[in-house]
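Here are my notes for you to read with the model open beside them. Take the points one by one and find each residue as you go.

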Amino acid sequence: MKKKNNLKTLTTVLSQYYQDNDRQKLNQLTQLLQNDTIKNPSDPFMRHYYLMSLSTLYHLDFLVASIDDQNELIDYFFNISYWQFYDLCLLANVVNMIHVERITPYIFDILKQYATNNMSTASVETVSKILINALETSIIQKKDDFTRYLLDKIKKYKFNTDDFKFQTWLLFWTGVFENNNNKVRHAYSIATYLHQNITLKNFDKFLTITQTPSPFFEDTKKDTPKS
């Protein structure tokens, strides 16, 4: 229970710091967790907490982790036979700093588990975060084959079709990937209608950081999906 509570507290704090774009607090927390890791070298959870904080910091600039850090995480994921809440949270919070092609088999395993098992609501919400972050990361890393693969898998498994927030994000990333401004504008409209202010803020953040032209002023002739 303590591990779960610590994890929930950490992910809440990391999410808030990310939303606030607070580099100072993220740097301080990352350094603190790194020091704790050094003091407790036999505690794998402390090490994971540090990597989650580091990944959140990297997420601000869409940076990837060192190969050593990536290998450490991949080695951990490789040994998972049944994805539990902790494992899902870890992947959700580090996926953005891993080369996306390396996580393909694990996302496939998670979606198969979703399709064949009754996942808790908390686990489904965490899988939603994994998929949305993986789509973002694949688009940033320009891995079109992975993006297409993931969109196809989400459609095949009819993932979380009743979750309006997830479906709004899915529409946004599909529109960005296809260079389809109509879909992006539709995602904005849905988020606005549902008062999803954090979602709207993150849409804006992605477009600003990547210097993507506003979909509200682009020529609709560009609304052609990728083949």
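Which side chains meet in a salt bridge at 3.4 Å, N to O? Keep that in mind for point 2.

1. First, some housekeeping. This is a predicted model, in which local features need pLDDT of at least 70 and side-chain atom pairs count only at pLDDT 80 or more, while totals for chains, interfaces and linings use all residues. Residues are numbered from 1 along each chain as its sequence is written, and side-chain values use heavy atoms, with hydrogens and water left out.

2. Back to the opening question: the partners are Asp145 and Arg148. A salt bridge here is a side-chain nitrogen of Lys or Arg within 4 Å of a carboxyl oxygen of Asp or Glu. The two residues are three apart in helix H8, so about one helical turn separates them. (Helices are DSSP runs of H or I with at least four residues, numbered from the N terminus.) Asp145 counts as exposed because its relative accessibility is 62%, whereas Arg148 is partly exposed at 27%. The cut-offs are these: buried is under 20% relative accessible area, exposed is over 50%, and partly exposed is in between, using a 1.4 Å probe and protein chains only.

3. How many salt bridges does the structure hold? There are five. One of them joins Arg23 to Asp61, with the closest N and O atoms 2.8 Å apart. This pair links distant parts of the chain, since Arg23 sits in helix H2 and Asp61 in the loop between helix H3 (44-59) and helix H4 (67-78), 38 residues apart. Both ends are partly exposed: Arg23 has a relative accessible area of 34%, and Asp61 has 37%.

4. Next, look at Lys183 and Glu178, whose side chains meet in a salt bridge (2.8 Å, N to O). Is Glu178 buried or exposed? With a relative accessible area of 15%, Glu178 is buried, while Lys183, at 29%, counts as partly exposed. For a network of salt bridges, go to Arg47, Asp69 and Glu72, which are linked in one.

5. Now for some helix packing. Two packed helices are described by the angle between their axes and the distance between the axes. Helix H8 (residues 144-156) and helix H9 (residues 164-178) have axes that come within 12 Å and cross at roughly 145°. (The axes are lines fitted to C-alpha atoms, for helices over the stretch in contact, with angles from 0 to 180 degrees between N-to-C directions.) On the H8 side the contact is made by Asp144, Thr147, Arg148, Leu151 and Ile154, and on the H9 side by Phe166, Leu170, Thr174 and Phe177. Contact means heavy atoms within 4.5 Å. Notice that Arg148 turns up here as well as in the salt bridge with Asp145.

6. You'll find Thr137 in helix H7 (residues 121-140), and at 4% relative accessibility it counts as buried. Leaving out residues up to four places away in sequence, Thr137 touches Val95, Asn96, Ile98 and Val100.

7. What about the surface? Phe164, Tyr193 and Leu194 make a nonpolar surface patch of about 380 Å². Patches are made of residues with over 30% relative accessible area and no salt bridge; like charges are joined within 9 Å, and nonpolar side chains (Val, Leu, Ile, Met, Phe, Trp, Tyr) within 5 Å. Areas come from the Shrake-Rupley method with a 1.4 Å probe, and for residues only the protein chains shown count as cover. Tyr193 is in helix H10 (residues 181-193) and counts as exposed, at 67% relative accessibility.

8. Check two loops for backbone angles. Asn21, in the loop between helix H1 (2-19) and H2, has a phi near 55°, a positive value in a residue other than glycine. Asn179, in the loop between H9 and H10, also has a phi near 55°. Asn21 is partly exposed, with a relative accessible area of 39%, and Asn179 counts as partly exposed at 39% too.

9. Last, compare sequence with space. Lys8, in helix H1, is 81 residues from Cys89 in sequence and 9.0 Å from it in space, C-alpha to C-alpha. Lys25 and Lys158 are 133 residues apart in sequence and 38 Å apart in space, again C-alpha to C-alpha.
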